[in-house]
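Me: I have a new structure open and would like a quick walk through it. Can we start with the charged side chains?

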Amino acid sequence: QVQLVESGGGLVQPGGSLRLSCAASGSILSFSVMGWYRQVGTNQRECVATIDRGGSTAYVDSVKGRFTISRDNAKRTVYLQMNNLKPEDTAVYYCNTTPRSPWGQGTQVTVSS
């Protein structure tokens, strides 16, 4: 397990961009997959993007072509580049590992004009 700290959220207009960062307290190489998740209110967290050790990525359909996940193993950091943001992307965004680590505090993303 590692501790995870998300950052980079904020208020952005529709069509805008944000880059989220997730810093881990230890090496992320031991985890087979790193992922970004989002949660609206008390709804269940939704996995929006994953990246494995080899760099293969996967995305939920609603963000394909707009979001890009990447990882920097040396910096122990995972990123989520979000472009062409839509109001429905508004949520608290979290990252996590596979196998699971404790959830961090998340970072709020609000897309509104």
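Reply: Glu46 and Arg38 form a salt bridge, with their closest N and O atoms 2.9 Å apart. A salt bridge here is a side-chain nitrogen of Lys or Arg within 4 Å of a carboxyl oxygen of Asp or Glu. This is a predicted model, where local features need pLDDT of at least 70, side-chain atom pairs count only at pLDDT 80 or more, and totals for chains, interfaces and linings use all residues. Residues are numbered from 1 along each chain as its sequence is written, and side-chain values use heavy atoms, with hydrogens and water left out.

Me: How many salt bridges does the structure hold?

Reply: The structure holds 4 salt bridges. Side chains of opposite charge can pair when their charged atoms come close.

Me: Is Arg38 buried or exposed?

Reply: Arg38 is buried, with a relative accessible area of 8%. Buried means under 20% relative accessible area, exposed over 50%, and partly exposed in between (1.4 Å probe, protein chains only). Glu46 is partly exposed, at 30%.

Me: Which side chain meets Asp89 at 3.0 Å, N to O?

Reply: That is Arg38, in a salt bridge with Asp89. Arg38 lies in strand S4 and Asp89 in the loop between strand S8 (77-82) and S9, so the pair ties together parts that are 51 residues apart in sequence. Strands (E, at least two residues) and helices (H or I, at least four) are DSSP runs, numbered from the N terminus.

Me: And what about Arg66?

Reply: Arg66 forms a salt bridge with Asp89, the closest N and O atoms being 2.7 Å apart. This pair links distant parts of the chain. Arg66 is in the loop between S6 and strand S7 (67-72), and Asp89 in the loop between S8 and S9, 23 residues apart. Arg66 is buried at 9% relative accessible area, and Asp89 is buried at 1%. Salt bridges that share partners join Arg38, Glu46, Arg66 and Asp89 into one network.

Me: New topic. How many disulfides are there?

Reply: The count is 1 disulfide, taken as a pair of cysteine sulfur atoms within 2.5 Å. The disulfide joins Cys22 to Cys95, with S to S at 1.7 Å. Cys22 lies in strand S3 (residues 18-24) and Cys95 in strand S9, so the pair ties together parts 73 residues apart in sequence. The link is right-handed, with 50 degrees about the S-S bond.

Me: Are those two buried or exposed?

Reply: Cys22 counts as buried at 1% relative accessibility. Cys95 is buried too, with a relative accessible area of 1%.

Me: Where does that leave Cys47?

Reply: Cys47 is in no disulfide. The nearest cysteine sulfur, that of Cys95, is 11 Å away. Cys47 is partly exposed, at 32% relative accessible area.

Me: OK, aromatics. How many pairs?

Reply: A search of the whole structure finds 2 aromatic pairs. Rings of Phe, Tyr and Trp (its six-membered ring) pair if their centres lie within 6.5 Å; planes under 30 degrees apart count as stacked, over 60 as edge-to-face and the rest as tilted. Tyr37 and Trp103 are edge-to-face, 5.2 Å centre to centre, with 85 degrees between the planes. Tyr37 sits in strand S4 and Trp103 in the loop between S9 and S10, 66 residues apart.

Me: What about Tyr94 and Trp103?

Reply: Their ring centres are 5.8 Å apart and their planes at 80 degrees, so the pair is edge-to-face. Ring pairs link Tyr37, Tyr94 and Trp103 into a cluster.

Me: Which charged end sits over the ring of Tyr94?

Reply: That of Arg45, 4.1 Å from the ring centre. Arg45 also lies over the face of Trp103, at 4.0 Å from the ring centre. A charge sits over a ring if NZ of Lys or CZ of Arg is within 6 Å of the ring centre and within 35 degrees of the ring normal.

Me: Last one. What is the order of the strands in the sheet?

Reply: The order is S2-S10-S9-S4-S5-S6, an open sheet of 6 strands with mixed pairing. Two strands pair if DSSP finds at least two bridges between them. Strand S2 (10-12) and strand S6 (57-59) stand at the edges, each with a single partner strand, so one side of each is left without a neighbour in the sheet.

Me: How many bridges join S4 to S9?

Reply: There are 7, and the two strands run antiparallel. In strand S9 (residues 91-98), 6 of the 8 residues are buried, so S9 is largely enclosed by the rest of the structure.
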